[in-house]
Each structure stands twice: as structure tokens, then as C-alpha cells.
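Q: Could you take me through how the features of a model like this one are read, beginning with the general idea and then turning to the case at hand?

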Amino acid sequence: MGVKGPGRLRIEGGEDRGRRLTAPAGIRPTQGMVKQAIFNLLGVRVLEAQVLDLFSGSGALGIEALSRGAAGATFVESSEAAVAAIRVNLAAVGYLDRARVVRGDAVWWVRGHPVEVARHKLVLLDPPYADPVLETALAALDAVVAVGTLVVAERASASPVPALARLTVDRDRRYGGSSVTILVAH
């Protein structure tokens, strides 16, 4: 999997609005319209938040959060090419000092680092639509996130949100074949 240069992927809002990002080949980046919708739904809740971007791909969601005022972000991605793209993107916008990039399986990382996960107040999930890992990732987060944490899950509209013990649906919006669900930890 190679890395594509800057193209249609860009930051949609905040201090670095319009900046182009690099995307690793073979990923499905969040569409600009859906990304804008996510951050419109979050509003000021992103300000000063510690963000956890799981299944990061290019890092576009976490970088968008940083551009919109998040205090810091941790990116977890298993692909070596995607990790390289995240680092390139963070350097290009000057966010390396506010970010941590972890190469590893997102579900494994959540299960193995519960204290680290609990310090993040905003979690962004955008797993591959064809992979049924969303349910597993949400269950792992359900066990460790702190009360009040927001979890934003982008998923194929046909995929249901599983019933969870502590995470409850706050909002659910459909954008064509994609849906965005915001859950809150109780």
C-alpha cells in the first residue's frame, strides 16, 4: 500500500481549513460532507478535548479535531503506510507536538491501555465498512471509557449500532450510504 499525494482530502474547518492532506492508498477517507456533519454535531465539545482517533487511516478526523481546537490527539492505526501518512499530515500542519501516533490494532490497543483510553474525552471511530470490527471496538470502548466521553462512530448505514451497557446513542444521522452515530458514556 503506497501513499498518495495531496488530493481531494482536506481539512474542512478550524484554523487550518482548506489545507490538503495525504492519504494512504487503499483507504476510504471520510467524505468532506460527512466530516463537516460530524464536527457540526460535536460543536464546542471538541474544544480542548483529548481525542482518540481509532482506525485512523490518513488521520483526517483527528487532524480535523486539532484544527477545530482539540488539545491533543492519539492516532491508532495498524497499516504502516497509513501511519506514515498520518505523520506526514501532522508535520505538514504543525501538529506533531499535540499528537501521538501508535501503530497497532485499534481493538487490541483499547483493551491493553484502559487508563490511556479513559483520559480521552472524544473518541473517533471510522473502521473499514466491510470489516465487522465496529461492534468489537464499541464493546471494548464500552468497558473502559470515562463517564461523559463522546464516541463518534462512522459506519455503513446498513450496519446497526449494537446495544451496549454504558454507551448510549445521543444522535444518529444518515448521509447516503454512511451513518454517523454519537454515543455518550454513562
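A: Helices (H or I, at least four residues) and strands (E, at least two) are DSSP runs, numbered from the N terminus. This is a predicted model, in which local features need pLDDT of at least 70 and side-chain atom pairs count only at pLDDT 80 or more, while totals for chains, interfaces and linings use all residues. Residues are numbered from 1 along each chain as its sequence is written, and side-chain values use heavy atoms, with hydrogens and water left out. The protein chain holds six helices and nine strands, and S56 lies in the loop between β3 (50–54) and α2 (60–67).

Q: Is S56 buried or exposed?

A: Buried means under 20% relative accessible area, exposed over 50%, and partly exposed in between, computed with a 1.4 Å probe and protein chains only. With a relative accessible area of 7%, S56 is therefore buried.

Q: Which residues does S56 touch, and which backbone oxygen does its side chain reach?

A: Contact means heavy atoms within 4.5 Å, and S56 touches F75, V76, E77 and I86 when residues up to four places away in sequence are not counted. The side chain of S56 also reaches the backbone oxygen of D53 at 2.6 Å.

Q: Why is α2 described as largely enclosed by the rest of the structure?

A: Eight of the eight residues of α2 are buried, so the helix is largely enclosed by the rest of the structure. What covers these buried residues includes α1 (32–42), β3, β4 (72–77), α3 (80–93) and β6 (122–125). Just after α2, G69 takes a positive phi of about 110 degrees.

Q: What radius of gyration does the protein chain have?

A: The radius of gyration is taken over C-alpha atoms, and the globule rule is 2.2 Å times the number of residues to the power 0.38. With 186 residues, a compact globule would have a radius of gyration near 16 Å, and the 15 Å of the protein chain agrees with this.

Notes: Polar contact = N/O pair within 3.5 Å; in protein donor to acceptor, adjacent residues only side chain to side chain.
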